[in-house]
Amino acid sequence: MALNLDAIGKKFGPVTFEYDWQKVVLYALGVGAGFDDLDYCYEKNLKVIPSFSIATIIDCMTEIGLESGVDPSGLLHGEQDLIFHNEFPVEGTLSTEAEITNYYDKGKGKGALVIAKSETSHSNGKKLFTAVSTLFARKDGGFGGENAPKNEIEIPDREPDIVVDERPSRNQPLLYRLSGDTFALHADPEFAKMAGFEMPIMHGLCTHGYACRTLINHLIPGEPEKARRMYCRFAKTLYPGEPIRIEIWKEEEGKVFWRVSNSNTGDIVIDRGIFEYGDIPKDEIRFDDKVAIVTGAGRGLGREYALELARRGAKVVVNDYGGGADGADDGSKSPADVVVQEIKELGGEAVANYANIADPEGGESVVQTALEAFGTVDILINNAGILRDKSFVKLEEKDWKAVLDVHLHGSYHVTRPAFRVMKGKGYGRILFTASGAGLYGNFGQTNYSAAKVGLVGFMNSLKIEGRKHNINVNTISPGAASRLTQDLMPADMIEKMDPKHVAPLAVYLCSDRCTVTGNIYNAMMGFFGRVAICTGPGAAVRRGDKPAAVEDIISNLDKISTLEGAIESEDANAQMGSFLEHM
Ligand code: NAI
C-alpha cells in the first residue's frame, strides 16, 4: 500500500468526543496518577491533565492514518506538539477539525513522516488546543518526497535542574488503552512479536502523560490550566515495567526543556521536549482569522515578524526570493520553506511565496498566494531588502536601480494589490520598513537612503487614502543583527541586537489594537521611539511688500533654521495652513 499523497490539505471532521469525569480520571490513572495527585483522580475538585488532549483526538488521528495510506504495521508516533489555549473543562463535548499538512521522505528503508494538524474546541465555545502530530511510517520511505527540515531543538548540554524517577507498572498499557488507543501493539503479544518486539510496548503517549504530570507537579503544582505548550519527539520504544527518568532543564521564565529516558538502559525514550507555562494572557493581542503577508520573511527581521504573527494566530504568507544580500543571484526557495516549516511546528498556518517583489508580477503574486491559500489579506509588512553600498561616485546606475527596485518599487508592487483587498473589506494594516541611513544619512548608502525615505513619502500619502477604510499605514526603522548588518557588529552586540527586540512594535502596528497611522518608529535592542518630520516656526522675510534679498536670508538664517517650537503637520494641507498664518 502506498502513501496517499493526494490527501494533503484534505479536511477531516468535525470529529466529536464526549467525555465526563470518569474519562478524565481513567486517563489520569493510565498515566500513573494516584493518591499523590488526587486532583486528577477524584471527582471532587477534579482537574484535567492537559495531555489528556491527545487521548480525545485518537479517532481523528486514526482517520488520518487510514487516509494517508501508511502501512499500520510500521506505524509509530514521531512527534507531538500541543498548544493549550484555555483551561480544560472536566466534562463536555469536543469538536476537532484536522488536516494532513505534509509528507516527508526519509528515504527507502528509513521511513516517511506524515504531519497532521488539528484544532479542538469545547462545547463551551472556547478553542481548547491545537495539536500538530507527526506519524512515523517506518515502512513507507522512498516515495520520492523531500526530506523533513532539521529539528533545531537542542537539550542544554549540562546537568538537569530537576530529575524525577517513575516506574510505570507492567500492566500500564492495559490501563492506558482504555482511554482510546486500542492498537494491538500495546496489548497483544503475538502482534507485538510480528511487529518485531519482544512483548507489547508502552504507548509513547502514556509515557508522555507521565511526563506532563511530572512537569506540572514541579513547575505549576496544582495548576494544570497554566500549561501553555508541550512538544516532544518520541525517540525509542519502552517496555512496560521499565523505570523511567524525567529530566527538566529550566531555560527561561515560563519555558523548560525536558526528556524521558529508560533508567535501566539509559536510552532516551522521549527527546527534545519543550514545556511552556504561565497565565493565559488576558489582554493578549491575537491575530486569529487574520491573514498576514511578510515580504523577505525567510530571514532576519521578516522571519521574526512572521513567527510572532503566527504564534498569535495569524495565517502567514512567507515571501522570500532567497537571493544573496545584494539580490544579484537567482534566489532559492529554502529560506521561505524553512520559515513556513517553523511556523507549522509552532502549530501555526503558513504558505511560502518565492517571488522577487522587484518584478511587478512577482509582487502581485504574493497577494495572489494569500488570496488562494487563505481568501484575503489583512496585514502587509513590506520588509524585503537588499544592500549595494558604494560611495556615490562609484555607484553605477544598476546598483542605484536594483536597490530602489526592491525597497521602493517592490513595496509598491505588493502594497497596491493588497490595498485593493483591504479597501474592499474596510480593514488593513500596512507597515513599511525605512532605515536610519535614510532618515539620518549614512556613508555609501545614497541608493538605499533614497529608497528608504521614498517609503516615508509613500506612507505619508497612503495613510490619507487608507484612513476612511480603517487601513493604518506606519513605518518602522529597525536595527537588528542580520546578514545585512552582523558583519559590521562586535560579537557581543549580536545577541543584544536580536530581531526579537524589534518584532513587538512591528506586530503591534499590524494589530487591530493599533490606533496610530502615518507614524515612523525607531526600534532596536528593545528601544522604541518615534521619529517625525517636523516644521520649524520659520520667519517671514520680506522687504515691505517686496521679496527679500538673498542677503536677507543670511541675516535671518538662525530664525529660518531653528527647530525650536517645531510642529508636526497632519498632511500637506495642514502644513500649508500654518504657512498662511504668516501672510
Ligand atoms: P535579511 O537579509 O536578513 O532579510 C531580508 C530578506 O529579504 C532576505 O531573506 C532576502 O532573501 C529577502 N529579499 C531580498 N530581496 C527580495 C526580493 N526582491 N523579493 C523577495 N524577497 C527579497 O535583512 P534584514 O536585516 O532582516 O532586513 C529586513 C529589512 O529591514 C530590510 O528592508 C532592511 O533594509 C531593513 N533594515 C534592517 C536593518 C538592520 O539593522 N538589520 C536596519 C535598517 C533597515
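**Figure 1. Contacts and overall dimensions of the protein chain.** Among contacts in the protein chain between residues at least 6 apart in sequence, 72% link residues at least 24 apart. The model shown is predicted. Its protein chain contains 17 helices and 22 strands. Taken along the principal axes, the box filled by the C-alpha atoms of the protein chain is roughly 105 × 50 × 45 Å. Of the 583 residues in the protein chain, 50% are buried. The protein chain exposes about 27,400 Å², and carbon and sulfur atoms account for 52% of that area.

**Figure 2. The largest nonpolar core and a second, separate core.** The largest nonpolar core has 68 residues, and the members that touch the most others are F52, W258 and F275. With 8 residues, helix α6 (residues 204-219) gives the most to this core. A second, separate core comprises 39 residues, among them L387, V456, M459 and I520.

**Figure 3. The surroundings of F52.** F52 is one of the residues that touch the most other members of the largest nonpolar core. When its neighbours within four places in sequence are left aside, F52 is in contact with F17, Y19, K23, V24, Y27 and F88.

**Figure 4. Strand β10 and its two antiparallel partners.** Strand β7 (residues 227-234) runs antiparallel to β10 and is joined to it by 6 bridges. In this pairing, M230 stands opposite F275 of β10. F275 also belongs to the largest nonpolar core. Strand β9 (residues 255-262) is likewise antiparallel to β10, again with 6 bridges. Here W258 faces G273 of β10 as its opposite residue, while V260 has I270 of β10 as its bridge partner.

**Figure 5. Strand β9 and its pairing with β8.** Of the 8 residues of β9, 7 are buried, so β9 is largely enclosed by the rest of the structure. Strand β8 (residues 244-252) is connected to β9 by 8 bridges, and the two strands run antiparallel. Within this pairing, K250 has V256 of β9 as its bridge partner.

**Figure 6. Glycine residues in two hairpins.** In the hairpin formed by β8 and β9, 2 residues lie between the strands, and G254 takes a positive phi near 80°. The hairpin of β9 and β10 has 5 residues between the strands, and in it G266 takes a positive phi near 80°.

Figure 7. L29 is located in helix α1, which covers residues 21-30. The relative accessibility of L29 is 33%, so this residue counts as partly exposed.

**Figure 8. E396 in a loop, and its separation from P149.** E396 is located in the loop between β14 (379-381) and α10 (397-425). With a relative accessible area of 46%, E396 is partly exposed. From C-alpha to C-alpha, E396 and P149 are 40 Å apart in space, and 247 residues separate their positions in sequence.

Methods
Residues are numbered from 1 along each chain as its sequence is written. This is a predicted model: local features need pLDDT of at least 70, side-chain atom pairs count only at pLDDT 80 or more; totals for chains, interfaces and linings use all residues. Side-chain values use heavy atoms; hydrogens and water are left out. Helices (H or I, at least four residues) and strands (E, at least two) are DSSP runs, numbered from the N terminus. Buried means under 20% relative accessible area, exposed over 50%, partly exposed in between (1.4 Å probe, protein chains only). A nonpolar core is a set of buried Ala, Val, Leu, Ile, Met, Phe, Trp, Tyr and Cys residues joined through side-chain atoms within 4.5 Å. Contact means heavy atoms within 4.5 Å. Accessible areas come from the Shrake-Rupley method with a 1.4 Å probe; for residues, only the protein chains shown count as cover. Two strands pair if DSSP finds at least two bridges between them.
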